[in-house]
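Take a walk through this structure, one region at a time. Keep the sequence and the 3D view side by side.

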Amino acid sequence: MQFTVVTLFPELIDAFGDVGIVGRSRARGLVDIATVNPRDFAADRRGTVDDAPYGGGPGMVMMVTPLRRAIAAARARSGGRTLVAYLSPQGRRFEQALVAELAAYDHLVLLAGRYEGIDERVIERDVDCELSVGDFIVSGGEVPAMLVIDAITRTLPGALGDARSAVEDSFSDGLLDHPHYTRPEVVDGDAVPPVLLSGDHGAIAAWRRDQRLARTRARRPDLLAAGGKPEPDPVG
Ligand code: SAM
């Protein structure tokens, strides 16, 4: 799968693309991550990409022409099925259910805004959809773009060391994940729940399922109301 981030700060995306599961997936050729910088497509020699808003007000707005050219260059990186998404607090909420939908594309072009945002005419003409990572404002679309790339990459076959990790993650089936423990067995007086040391796989699966349900009920009852279904009881 290809990702092309249109950004004024390619160094942020480059650093992110080198580490962890995303870095490993990139090294193995599962994902390709590139950047296109609108500054390289500015109409003047100074590389101007923003200007004051019509109508007045604070801040600057990213200009149409550098963005339009950068998006065209990004699109041209792939002949496959491409979606151009603008990261925007006004977009469709990016949630786990949307990850599979986006993973069906061959190429995602992720447009990261800065300043007060981008000229509306780019959204109207050059962008296929808008994606929000939540009801809060960050300074630029780069971190939201990284969230999208990371969440999608985790679901690609071969990206995780053990594919079961993704299946058991929170939200994958509408429930939160169960708690996790590792060695030592007791630390500062706090012991691992005995069932996890029992070697009884049925009992462990049942305990984990109960934990997932109890956590979801306590912390995110909205997920259960939305139809989150507990996995079938493995011990009957
Ligand atoms: N004035 C804009 C508004 O209120 O809709 C916010 C501009 S924000 C300071 C600059 C850029 O950060 C946006 O163009 C967008 O790309 C990105 N951004 C900020 N919050 C975001 C969010 N919750 N989800 C996705 N992108 C976001």
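Tyr115 sits in a loop, the one between strand 6 (107-112) and helix 5 (120-126). This is a predicted model. The backbone at Tyr115 deserves a look. Its phi is near 60°, a positive value, and Tyr115 is not a glycine. Is Tyr115 buried, partly exposed or exposed? Its relative accessibility is 39%. Buried would require under 20%, and exposed over 50%. Tyr115 therefore counts as partly exposed.

Which residue does the side chain of Asp119 contact? The partner is Arg121, and the polar contact between the two side chains spans 2.7 Å.

Now turn to the ligand. A polar backbone atom of Leu87 lies 2.6 Å from an oxygen atom of the ligand. At Glu116, a polar backbone atom is 2.9 Å from a ligand nitrogen atom. For Gly134, the distance from a polar backbone atom to a nitrogen atom of the ligand is 3.0 Å. How much of the ligand does the protein bury? On its own, the ligand exposes 580 Å². The protein buries 85% of that area.

Strand 5 leads on to another residue. Arg93 lies in this strand. Its relative accessible area is 39%, so Arg93 is partly exposed. Compare its position with that of Leu110. Along the sequence, Arg93 and Leu110 are 17 residues apart. In space, their C-alpha atoms are 15 Å apart.

Next, look at the rings. A pair of aromatic rings is described by the distance of the centres and the angle of the planes. How many aromatic pairs does the count give here? The count comes to zero. A charge over a ring is another matter. Arg81 lies over the face of Tyr105, 4.2 Å from the ring centre.

The last stop is the loop between helix 7 (164-168) and strand 8 (186-187), where Pro184 lies. The peptide bond that leads from Arg183 into Pro184 is cis. Its omega is near 5°. Phe171 is found in the loop between helix 7 and strand 8 as well. Its phi is positive, at about 80°, although Phe171 is not a glycine. How exposed is Phe171? Its relative accessible area is 37%.

Methods. Residues numbered from 1 in each chain as written. Predicted model: local features only at pLDDT ≥ 70, side-chain atom pairs only at ≥ 80, totals over all residues. Heavy atoms only, no water. Polar contact = N/O pair within 3.5 Å; in protein donor to acceptor, adjacent residues only side chain to side chain. Areas by Shrake-Rupley, 256 points an atom, 1.4 Å probe, with all protein chains shown as cover. Phe/Tyr/Trp six-rings, centres within 6.5 Å; stacked < 30°, edge-to-face > 60°. Lys NZ or Arg CZ within 6 Å of the ring centre and 35° of its normal. Helix = DSSP H or I, 4+ residues; strand = E, 2+ residues; numbered from the N terminus. Buried < 20%, exposed > 50% of the residue type's maximum accessible area, 1.4 Å probe, protein only.
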